[in-house]
Amino acid sequence: MASLHPGAARGWWLREALEADPGEPCPPLARDLTADVVIVGGGYTGLWTAWQLLEQAPDTRIVLLEADIVGGGASGRNGGFLTAWWDALPTLVGRFGAEGGRAIAAAVGEAPAAVGAWTQEHGIDAWFTPRGSILAASSPAQEGGWSGIVAAAEALGEQHRFEALTAAQVRARCASPVLGGGLLVPTDATVQPARLARGLRRVLLSRGVAIHEGTRVVAVRQEGGRVVARTATGARVTASQAVLGINAWAAGWPGGGFGARMITWSSYMVVTEPIPDRLGEIGWTGGESISDLRFTNHYFRTTRDGRIAFGGGGGRAGYGGRLGGWVERDRGSAALAARGFRRIFPMLDDVRLEDAWGGPIDIAPDHLPAFGTLPGGRVHWGHGFSGTGVGPTWLGGRILAALAQGRLDDPVARLGLVGNRPRRFPPEPFRFLGARVIREAIVEAEQRDDQGRYVPPPLRWLVRLPRWMGYELGPE
Ligand SMILES: Cc1cc2nc3c(=O)[nH]c(=O)nc-3n(C[C@H](O)[C@H](O)[C@H](O)COP(=O)(O)OP(=O)(O)OC[C@H]3O[C@@H](n4cnc5c(N)ncnc54)[C@H](O)[C@@H]3O)c2cc1C
């Protein structure tokens, strides 16, 4: 397995996308600029916000500042599961009530088709594959673990969003000997995630957005009816409104107090060598993505050139707002993903894993993103996608554009995610230590479940501690 050096040698998706189209240069900001809106962060959140701003007001002058390159963060590294949130209905309804929860699920539910249509309209070959996603048991302990989702959907008359699959039906789509029954969401899709991010970059440049890569913003201040974004080199952007789409980096952002409601977490993936014939042998040629029901879930999908990309199995908490370092080189989490791959695909034990990569995600206390506006009214923010942001950031862009344009009566600006203030995490070092201990317990308990081994009561108690404390985290 290749070593992990994200940033120097990028993950497989981003390398593939850059080889296909490096795009025109977007040099670092070298002089002061003025704009209507300055966006910090060149991931999907920032990119979709820029797109939606232009959809509403095509003449908006937008400057987008990205510390790395566009797609250098989670948006160029993720699994590419472009999914709705129908499986999150129990959480959404619990938090926002039946209608509030349904409204959010419906809004995110538009994302897969909308992103697909957008790529087609703009000639972006992001490998959009609308073949559905399967939530499947990967151990007997997980069988039926979807009953709460089905019950919540039935209560809202939304059960048609799912198709129940028996173990035989799941294995007809992907003949892993460990997969059991599950649910199919036929409207979900996959993408090549970095191609989507880089495609957004290309379209935004063609629409006149000024993008500056290699430009880290160190502060955004509201001064005299304007907002000023100051960069590490000293160059500034003065604008009417600012949007922060900085994902896990928000935990260390100066101001906003974002770190109190976020745990930074490492999330990792591996990818095989091309094995199209072997995919044929196991019948996994339909393009469905699959994830299991562990909390540290395994998620896996095929690629256009016949590989399997496989992620999950357990990341680790970062300390406070500190990123970089081991969060960017977490070999242990990559090894857990590799171990999950070997367990679910024992018949592919001779297949080489060609690459591994990952990086930080932004875990929120309620496992849901939040959006808001800082006091002063000119700086808008959105983060907390908790490792499920490919589809939801499309909605996030609509929300943030509405906030920045003052369209507060837009239905998306009225969703419960706007102004969502889940309970805080304990302060450091308790957050880090608690997260570490509970993470070890969850990984151990879920591995025991996978192996059909006894999980002692103290371990079961420990993995449920976050939920008893009021967080939507850890196994149900
Ligand atoms: C390994 C992995 C697998 C995942 N798999 C899936 C999946 O299959 N499906 C799914 O729905 N979600 C998945 N996710 C989560 C998903 O990728 C994210 O939720 C989503 O990409 C978040 O987009 P974003 O724009 O908010 O963040 P990012 O893409 O991280 O963008 C934030 C950007 O802000 C920049 N930045 C930060 N600070 C500054 C600053 N001070 N100045 C300038 N720029 C700054 C960063 O460099 C970064 O590029 C996965 C994530 C990972 C890491």
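By class, the shell around the ligand holds 15 nonpolar, 18 polar and three charged residues, where Ala, Val, Leu, Ile, Met, Phe, Trp, Tyr, Cys and Pro count as nonpolar, Asp, Glu, Lys and Arg as charged, and the others, Gly among them, as polar. This is a predicted model, in which local features need pLDDT of at least 70 and side-chain atom pairs count only at pLDDT 80 or more, while totals for chains, interfaces and linings use all residues. Residues are numbered from 1 along each chain as its sequence is written, and side-chain values use heavy atoms, with hydrogens and water left out.

In total, 36 residues surround the ligand, the closest being Thr45, Glu66, Ser75, Asn247 and Val390; a residue is included if one of its heavy atoms lies within 4 Å. Helix H2 (44-56), strand S12 (263-272) and strand S16 (353-363) each supply at least two residues of that shell, helices (H or I, at least four residues) and strands (E, at least two) being DSSP runs numbered from the N terminus.

As for polar contacts (pairs of N or O atoms within 3.5 Å), a backbone N or O atom of Tyr44 lies 3.1 Å from an oxygen atom of the ligand, and a polar backbone atom of Val217 is 2.9 Å from a ligand nitrogen. Taken alone, the ligand exposes 1000 Å², of which the protein buries 97%, with areas from the Shrake-Rupley method and a 1.4 Å probe.

Turning to strand S6, four bridges join S4 (residues 133-136) to S6 in an antiparallel arrangement, and Leu135 stands opposite Leu183 in S6.

Notes. Polar contact = N/O pair within 3.5 Å; in protein donor to acceptor, adjacent residues only side chain to side chain. Pairing = 2+ DSSP bridges.
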